[in-house]
Each structure stands twice: as structure tokens, then as C-alpha cells.
Amino acid sequence: MVIEELKPSKRVEGRWLAVLEDGSILRVGEGEVIDFALYAGKELSEEEAVRLQDAARRSGLKSKAIELLMRKPQSRKELGRKLTQWEASPEEAEAICDRLEELGYLNEREYAGRIVRHYAQKGFGERKIRDELYRRGVPRELWDEVLDQIQEEDSASAIDAFLEKKLKGSHDPKDIKKASDALARRGFPWPEISDALRRYGMEVYD
């Protein structure tokens, strides 16, 4: 199989288009151009063509993974699932995740910190944040470390602000119960809720 033409892609930086004699186009990265010593007019053996196509496919998967991570950070587990959906083998997915961790594109500690800050700023409690860390596949060994970012004072401030917004000065027991239940659903433990209710002026019995 002969490479009729080899030219850089106009759409994707670092990608090259190898136009083959049968009219098909093989999209390859700069690494493949160098590793396989590609040039216009080069004749590839059947074995070389297969290896090149396989290398180009893996390179394409890695590029898609990088593009995804730059748009939307992921956990390793989430990225692995996405690579599998793109028809990467389990071994390929593992190798790509390893490489992207080495390059700094995949950083689960930083990603976990983003999740914690995002939900804490939205007024959610630790239990809800733990649920999100679990749902997104963040390793459990990182949970306590990133959850330490939530200071007790910040938690109390979030509960106080929620009560002020929802109750608007009301001390009706029904309104209080609705607000308390809503805080529990947001992941705040009862001791923190009861302390906030006392600050709000309610008599609470634990």
C-alpha cells in the first residue's frame, strides 16, 4: 500500500493526513509520522499498514481523551468508561489513563477538590459531597483529604444562609421542619442543623 500524499491537517494541530492509493485517508499524529518514517510515496507492507493503523487509532483515542479533559475534568474511572465507549480495549484505556496522568491532563486530586468546592459553594453538606465523589468514581483514599477543605465555619455559614433564605423570618414549626428536611437532603448532619436552628432562635431538643 502506497502513501500517495502526506499533509498536515488544517483542522487539528499536530495531526497529519496520509492519503493512501485506494483513496482512503489515515489520520495520524506527529509521533506516527516520525516512528514509521512516513513520507509521500512510501510503500507500506501489509504488516506495517496494520501496525500504523493501530497506532493511529490509539493516538486518536488519546487526542480525544485530552480534548475531553480540557473541556471537562474527569476521574480516571469516568475517563476509562468513556474510552471504552470509544471502543478502546481495557488495556488501551489503562495505558492512555496512565500516560495522561504522567502528562498532568488527568489529575484526580485536583478534580476531587473541584467537586468539593463546587458543591460546598452551592450550599451542600458533606454527605451530599461524599455521594458525588462516589458517583464520579473518585478514589476513596482522596475523600478525607479533599473534604478537609470544607471548614466547619463555612458549613455553619451555608446552613444559616439557607435558613434565612427559606424561612424569611418565619418560626412556624411546619416551615422549620420543611427547611430542616431540605438541609438533611443536602447532606448536612442533624447536629449542625440543630445548632443552626438555635442560632435562628428556635428551641431544639436533640
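## Backbone: positive phi

Ala37 lies in the loop that joins α1 (30-35) to α2 (46-71), where helices are DSSP runs of H or I with at least four residues and strands are E runs of at least two, numbered from the N terminus. The model is predicted: local features need pLDDT of at least 70 and side-chain atom pairs pLDDT 80 or more, while totals for chains, interfaces and linings use all residues. Residues are numbered from 1 along each chain as its sequence is written, and side-chain values use heavy atoms, without hydrogens and water.

Most residues other than glycine have a negative phi. Ala37, not a glycine, has a positive phi of about 50 degrees. Its relative accessible area of 42% makes Ala37 partly exposed (buried is under 20%, exposed over 50%, partly exposed in between, with a 1.4 Å probe and protein chains only).

Lys168 also has a positive phi of about 50 degrees. Lys168 sits in the loop between α8 (152-167) and α9 (173-185) and is exposed, at 72% relative accessible area.

## Surface charge

Glu4, Glu21, Asp22 and Glu43 form a surface patch of negative charge. Such a patch takes residues with over 30% relative accessible area and no salt bridge, joining like charges within 9 Å; a salt bridge is a side-chain nitrogen of Lys or Arg within 4 Å of a carboxyl oxygen of Asp or Glu.

Glu21 is in the loop between β2 (15-20) and β3 (25-29) and is partly exposed, at 47% relative accessibility.

## Aromatic pair

There is 1 aromatic pair, counted when ring centres of Phe, Tyr or Trp (its six-membered ring) lie within 6.5 Å, with planes under 30 degrees apart stacked, over 60 edge-to-face and the rest tilted. The ring centres of Tyr119 and Phe124 are 5.7 Å apart and their planes stand at 65 degrees, so the pair is edge-to-face. Tyr119 is buried, with 11% relative accessibility.

Terms used: Patches are made of residues with over 30% relative accessible area and no salt bridge: like charges are joined within 9 Å, nonpolar side chains (Val, Leu, Ile, Met, Phe, Trp, Tyr) within 5 Å. Accessible areas come from the Shrake-Rupley method with a 1.4 Å probe; for residues, only the protein chains shown count as cover. Lys and Arg count as positive and Asp and Glu as negative; His and the chain ends are not counted. The place of a charge is taken as NZ of Lys, CZ of Arg, CG of Asp or CD of Glu.
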